[in-house]
Amino acid sequence: MSEEAFFNPINPDKVAENPGLLPYAHTAGGAVIKPDDMGKVKGRSMLAMRQQTDRQMNQLYEQMEVLARQAKLLADRKEISERIYDAAMGFEPIISETYYLYEKENGADLLSLVAPEEWGRSFKYSRFLAKVTLLADHTWEVEYNESN
């Protein structure tokens with residue numbers, strides 16, 4: 001074989017033998033390929049990541065606030081329930097029934113079946129504290145007397 005049989009008409013100084021592997025356009029009509037500015041790419045990615053994690057953290061804080069409010073309400077209900085069970089009562093309370101909590105002159109509490117307006121002139125307690133309803137979990141729903 002002669003050398004002329006293997007002659008390559010492509011000038012290796014001006015044209016690549018594998019143009020598809022070049023990191024840039026190799027013809028006038030080729031797509032413009034610009035290297036990415038990695039600083040901008042990382043900056044945008046960091047911004048998106050921070051926004052997303054901040055949004056998720058805010059959702060968690062809101063959920064924590066709801067749980068904290070529920071825990072406070074439950075603790076308050078427990079506290080008033082203990083006070084009611086410590087009060088004098090001459091009957092066994094029934095679930096879903098309404099009762100009335102009074103304070104005696106000596107500071108002790110009394111749970112009664114009689115509403116404040118039903119006492120007439122014979123009201124013998126220092127003050128009416130609350131209207132209460134026994135719930136199924138044996139805690140009490142309380143409507144405080146706002147006139148105290």
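Modeller: Let's begin with a definition: a salt bridge is a side-chain nitrogen of Lys or Arg within 4 Å of a carboxyl oxygen of Asp or Glu. Please keep in mind that we are reading a predicted model.

Biologist: Happy to. How many salt bridges does that rule give here?

Modeller: The general idea comes before the count. Side chains of opposite charge can pair when their charged atoms come close. In this model the rule gives four salt bridges. One of them joins Asp109 and Arg83, with N and O 2.5 Å apart. Asp109 sits in strand β2 (residues 109–112) and Arg83 in helix α1, so this pair ties together parts that are 26 residues apart in sequence.

Biologist: Are the two partners buried or exposed, or something in between?

Modeller: Take them one by one, using the relative accessible area: under 20% is buried, over 50% is exposed, and partly exposed lies in between. Asp109 has 12%, so it counts as buried. Arg83 has 36%, so it counts as partly exposed.

Biologist: Which residue pairs with Asp137?

Modeller: Asp137 forms a salt bridge with Arg77, at 2.6 Å from N to O. To read such a pair, ask where each partner sits. Asp137 belongs to the loop between β3 and β4 (140–144), while Arg77 belongs to helix α1, so the bridge ties together parts 60 residues apart in sequence. Asp137 is partly exposed because its relative accessibility is 45%. Arg77 is partly exposed too, because its value is 27%.

Biologist: And what does Arg127 pair with?

Modeller: Arg127 forms a salt bridge with Glu103, and their closest N and O atoms are 2.5 Å apart. Here the link runs from strand to strand: Arg127 is in β3 and Glu103 in β1, 24 residues apart. With 34% relative accessibility, Arg127 counts as partly exposed, whereas Glu103, with 15%, is buried.

Biologist: How would you read Ala115? Where is it, and what does it touch?

Modeller: Start with its place, then its cover, then its partners. Ala115 is in the loop between β2 and β3. With 2% relative accessibility, Ala115 counts as buried. Not counting residues up to four places away in sequence, Ala115 touches Tyr100 and Tyr102. Ala115 and Tyr125 are ten residues apart along the chain, and their C-alpha atoms are separated by 12 Å.

Biologist: Now the surface. Which residues form a nonpolar patch there?

Modeller: Met57, Leu60, Tyr61 and Met64 form one, with about 410 Å² of accessible area together. Met57 is in helix α1 and counts as partly exposed, at 41% relative accessibility.

Biologist: Where does UniProt place a coiled-coil region?

Modeller: An unreviewed UniProt entry places that feature at residues 50–77. Compare a record like this with the model's own geometry: the span is 100% helix and 0% strand, and its end C-alpha atoms lie 40 Å apart.

Biologist: Finally, the backbone. What is phi for Ser96 and His138?

Modeller: For a positive phi, check whether the residue is a glycine. Ser96 is not, yet its phi is about 75°. Ser96 lies in the loop between α1 and β1 and is exposed, with a relative accessible area of 55%. His138, also not a glycine, has a positive phi near 65°. His138 is in the loop between β3 and β4 and counts as partly exposed at 42% relative accessibility.

Terms used
Residues are numbered from 1 along each chain as its sequence is written. This is a predicted model: local features need pLDDT of at least 70, side-chain atom pairs count only at pLDDT 80 or more; totals for chains, interfaces and linings use all residues. Side-chain values use heavy atoms; hydrogens and water are left out. Patches are made of residues with over 30% relative accessible area and no salt bridge: like charges are joined within 9 Å, nonpolar side chains (Val, Leu, Ile, Met, Phe, Trp, Tyr) within 5 Å. Accessible areas come from the Shrake-Rupley method with a 1.4 Å probe; for residues, only the protein chains shown count as cover. Helices (H or I, at least four residues) and strands (E, at least two) are DSSP runs, numbered from the N terminus. Buried means under 20% relative accessible area, exposed over 50%, partly exposed in between (1.4 Å probe, protein chains only). UniProt positions are given in the numbering used here, feature names are shortened, and annotations may be inferred rather than shown by experiment. Contact means heavy atoms within 4.5 Å.
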